[in-house]
Amino acid sequence: MTTESPQRNSGKPPKLTVRVGVGLNPFAGDGLADGGFWTSVETMEELGYDSIWLSDTAALGGMAPLPALAAIAMRTDRLKLGTSVLVLPPRNPVLLARELATIDALSGGRLLPAGGLGIDLPSEVEAMGIPREERAARLAESITLIKAIWSGEPTTVQGRFWSVTDFELTPRPTRPRLEFWLGGRAPAALRRVGELADGWLASAVSPDEFPDKVAAIRAAAAEANRTIDEDHYGATVFAAPREEDITDDVAERLRLRRGLERRDYLALGTGELRGLLERFLAGGACKFVVVPVARDLPAWLRELHAEVVAPIEAAD
């Protein structure tokens with residue numbers, strides 16, 4: 001998804017730029033053995049999808065996002081490269097800043113990094129190896145250090161978990177300011193977005209809840225004397241062509257949150273998806289990661305682009 005700043009027009013609300021990317025289904029295997037992964041990537045590039053997004057887990061399977069995005073950068077010219085979301089607490093932020101800057105340089109400035117605490121499952125928390133009580137503090141310190149390093153200036157930071165002295169990063173990100181979005185939906189997570197991040201990528205949040213959570217982020221940003229661009233609020237949703245495309249194991253993993261109705265995060269068919277995205281648009285979202293769930297993924301990607309993505313982006 002693009003991150004252009006909205007045009008300001010005195011007396012009128014800003015015009016928001018709607019963009020739709022694709023998140024590869026983390027529950028469907030990696031698609032490497034049969035070539036399905038590269039077929040999907042090539043289909044997205046051909047059709048003109050804005051971006052591809054890869055998840056980051058320790059115990060749930062799927063490819064590691066950063067090496068996969070570096071490989072995608074070499075096979076594409078236009079597709080932007082996102083993480084949805086990168087688990088920050090267990091990673092060394094100095095090494096991570098270099099890895100992300102390298103992908104940005106290799107891709108010619110197409111990286112869209114988004115981070116978070118990770119999936120709150122016992123197996124994931126155990127595998128990541130970070131005590132629960134340290135995760136939020138590590139995330140905040142990591143974001144602060146990464147942004148300082150990305151500035152290109154010699155950086156000296158003495159932190160609780162990581163420290164550097166007169167550190168200069170090479171290679172530098174292609175762009176003068178590489179933005180970092182955060183996920184999360186709890187009150188503390190929303191405060192972190194407002195205080196530290198350049199945008200919010202929501203997951204397991206309903207369209208009805210979205211406006212209040214955006215308001216909480218804006219309030220936190222204001223308290224920190226910051227602003228977040230109006231078109232830097234996004235949402236992740238799932239889409240399948242029909243019920244029979246949702247296998248039992250995927251259905252189990254798609255029970256994202258107690259109390260969240262399925263119609264608020266999973267659409268069946270292009271009509272339902274268009275309606276779901278429009279509900280989020282009405283609540284202030286304009287950047288979307290659609291995770292397609294289908295037996296014939298390339299065909300579903302083509303149908304989604306023709307029937308939903310191209311029309312909704314053209315109407316912004």
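**Pocket, cavity, cores and backbone**

User: Which residues lie nearest the centre of the largest pocket, and how many line it?

Analyst: The largest pocket has a lining of 42 residues, and those nearest its centre are Gly118, Ile119, Asp120, Arg185 and Ser203. This is a predicted model, in which local features need pLDDT of at least 70 and side-chain atom pairs pLDDT 80 or more, while totals for chains, interfaces and linings use all residues. Residues are numbered from 1 along each chain as its sequence is written, and side-chain values use heavy atoms, without hydrogens or water.

User: What makes one space a pocket and another a cavity?

Analyst: On a 1 Å grid over the protein atoms alone, a cavity is a set of points where a 1.4 Å probe fits but cannot get out, whereas a pocket is an open set with protein on both sides within 12 Å along at least five of seven lines; a lining residue has an atom within 4 Å of a point. A volume is the space filled by probe spheres set on the points, which are joined across faces, edges and corners. The largest pocket holds about 1300 Å³, and the largest cavity has about 80 Å³; the count of cavities of 30 Å³ or more is one. Among the residues lining the cavity are Val87, Pro89, Leu117, Met128 and Arg135, and helix α4 (residues 122-128) contributes the most, with three residues.

User: How many residues of each class line the largest pocket?

Analyst: Its lining has 21 nonpolar, 13 polar and eight charged residues, where Ala, Val, Leu, Ile, Met, Phe, Trp, Tyr, Cys and Pro count as nonpolar, Asp, Glu, Lys and Arg as charged, and the others, Gly among them, as polar. The largest cavity is lined by eight nonpolar, one polar and two charged residues.

User: Which members of the largest nonpolar core touch the most others?

Analyst: Of its 72 residues, these are Ile52, Trp150, Trp200, Phe210 and Leu273. Helix α10 (residues 297-314) gives the most to this core, with seven residues, and a separate second core of eleven includes Ala240, Val250, Leu254 and Val293. A nonpolar core joins buried Ala, Val, Leu, Ile, Met, Phe, Trp, Tyr and Cys through side-chain atoms within 4.5 Å.

User: What makes β4 part of a right-handed unit?

Analyst: β4, helix α2 (residues 65-75) and β5 form a right-handed β-α-β unit, a label for a path that, with the strands pointing away from the viewer, runs clockwise from the first strand over the helix to the second. Helices (H or I, at least four residues) and strands (E, at least two) are DSSP runs, numbered from the N terminus. β4 and β5 (residues 80-83) pair in the parallel sense over four bridges, and pairing needs at least two DSSP bridges. Trp53 has Gly82 of β5 as its bridge partner. Strand β4 (residues 51-54) points Ser51 and Trp53 one way and Ile52 and Leu54 the other, and all are buried.

User: Why does Asp166 count as exposed?

Analyst: Asp166 counts as exposed because its relative accessibility is 57%, and exposed means over 50%, buried under 20% and partly exposed in between (1.4 Å probe, protein chains only). Asp166 lies in strand β10 and has a positive phi near 50°. Asn225, with phi near 55°, is likewise exposed, at 75%.
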